[in-house]
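I open this notebook to record what I looked up in one structure. The entries follow the order of my checks.

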Amino acid sequence: MSDTEAAQNIKMLVCDVDGTLTDGTIYYSDGGVESKAFSVKDGLGIRLAIESGLAIVWLTGRSSAAVARRAQELGVEVTQGASNKDTGLREIAVAHHLLLEEIAYIGDDLNDIPALAIAGLPIAVAGSAAQVLDITAYVTTSEGGKGAVREAIEFILDAQGRLQESATNFVNRLTLGDESGQ
């Protein structure tokens, strides 16, 4: 099955965080406060996905207040501290009554391989570890934290024939003042 054919059946995108939604850099202040940078392009893409009926869930091995805050801003479910991402992905599938074949997973590094191996559509961001690139069906041209998740969302919606209508509806809501953006 081609990556486009697999994308046609996707109902949910599960995203790794560090290196995928961010560039993988972690900042600590002198006081020990952690911060991360998230792409507004990804944020807008996530809003577009949610409004189009494509569920978005974040699955990360670390725990961070910055991740929880950004997920809350975007209305995204997040599972933090997941040491076994394949187990986490299976639990997400059960909780949402989905088959693994209906879930795309996007990641970048070795700890993502177990989840990528069981997802219906395994996606890697540009610059991912070679072992990740070897097992993914689709690789974004953008790197993590620089619009890669948005690119994956647009790929899925386009494969489903919903991208143009979803974008038009989103822009129309902005014109009416009914949308907060990313």
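Which residues are exposed on the other side of helix 8? I worked with a predicted model, and there I found Gln164, Glu165 and Thr175 exposed on that side.

**Entry: helix 8**

I looked up the buried residues of helix 8 and noted Leu163, Ser166 and Phe170. They lie on the same side of helix 8 because they cover an arc of only 70° around the axis. I then asked what covers these buried residues, and the list includes helix 2 (40-51) and helix 7 (148-159).

For the length, I noted that helix 8 runs over residues 163-175, which is 13 residues. From first C-alpha to last it reaches 18 Å, close to the 18 Å expected at 1.5 Å a residue. Just after helix 8 I came to Gly177, which takes a positive phi of about 80°.

**Entry: helix 2 by itself**

I noted its buried residues as Asp42, Gly43, Leu44, Gly45, Ile46, Arg47, Leu48 and Ala49. The elements that cover them include strand 4 (55-59), helix 3, helix 7 and helix 8.

I also checked the span of helix 2. Its twelve residues should span 16 Å at 1.5 Å a residue, and its end C-alpha atoms are 16 Å apart, so the two agree.

**Entry: helix 2 and its partners**

How do helix 2 and helix 8 lie to each other, and at what angle do they pack? The angle is about 105°, with the axes 10 Å apart. Angles of 65 to 115 degrees count as roughly perpendicular, and helix 2 and helix 8 are therefore roughly perpendicular to each other. In this contact I listed Leu44, Arg47, Leu48 and Glu51 from helix 2. They meet Leu163, Ser166, Ala167, Phe170 and Arg173 of helix 8. Leu163, Ser166 and Phe170 are the residues I had noted as buried in helix 8.

I turned to helix 7. The axes of helix 2 and helix 7 come within 7 Å and cross at roughly 30°. That angle makes helix 2 roughly parallel to helix 7. I recorded the crossing as left-handed. On the helix 2 side the residues that meet helix 7 are Lys41, Asp42, Leu44, Gly45, Ile46, Leu48 and Ala49. On the helix 7 side they are Ala148, Val149, Arg150, Ile153 and Leu157.

The next partner was helix 3 (residues 65-74). It packs with helix 2 at an angle of about 45°, and the axes are 10 Å apart. That makes helix 2 oblique to helix 3. Val40, Gly43, Ile46, Arg47 and Ile50 of helix 2 make the contact with Arg70, Glu73 and Leu74 of helix 3.

Which residues of helix 4 are buried? I found Lys85, Gly88, Leu89, Ile92 and Ala93. Their arc around the axis is only 140°, which puts them on the same side of helix 4. On the other side I noted Glu91, Val94 and Ala95 as exposed. The buried residues of helix 4 pack against strand 1 (12-15), strand 4, strand 6 and helix 5 (113-118).

Helix 4 is followed by His97, in the loop between helix 4 (85-95) and strand 6 (103-107). Is His97 buried or exposed? Its relative accessibility is 71%, so His97 counts as exposed.

**Entry: two single residues**

I looked up Ser35, which is found in strand 3 (residues 34-35). Ser35 counts as partly exposed because its relative accessibility is 35%. Leaving aside neighbours within four places in sequence, I found Ser35 in contact with Ile26 and Tyr27. Ser35 and Ser64 are 29 residues apart along the chain, and their C-alpha atoms are separated by 8.4 Å.

Last, I looked up Ala129, in the loop between strand 7 (121-126) and helix 6 (130-133). Not counting residues up to four places away in sequence, Ala129 touches Asp108, Asp109 and Leu110. I also took the pair Ala129 and Ala37, which are 92 residues apart in sequence. From C-alpha to C-alpha, Ala129 and Ala37 are 21 Å apart in space.

Technical notes. Residues are numbered from 1 along each chain as its sequence is written. This is a predicted model: local features need pLDDT of at least 70, side-chain atom pairs count only at pLDDT 80 or more; totals for chains, interfaces and linings use all residues. Side-chain values use heavy atoms; hydrogens and water are left out. Helices (H or I, at least four residues) and strands (E, at least two) are DSSP runs, numbered from the N terminus. The expected span of a helix is 1.5 Å times one less than its number of residues. Buried means under 20% relative accessible area, exposed over 50%, partly exposed in between (1.4 Å probe, protein chains only). The arc is that of the directions from the helix axis to the C-beta atoms. Contact means heavy atoms within 4.5 Å. Axes are lines fitted to C-alpha atoms, for helices over the stretch in contact, and angles run from 0 to 180 degrees between N-to-C directions. Angles under 35 degrees count as roughly parallel, over 145 as roughly antiparallel, 65 to 115 as roughly perpendicular and the rest as oblique. A crossing is left-handed if the near helix is turned anticlockwise from the far one by less than a right angle, and right-handed if clockwise.
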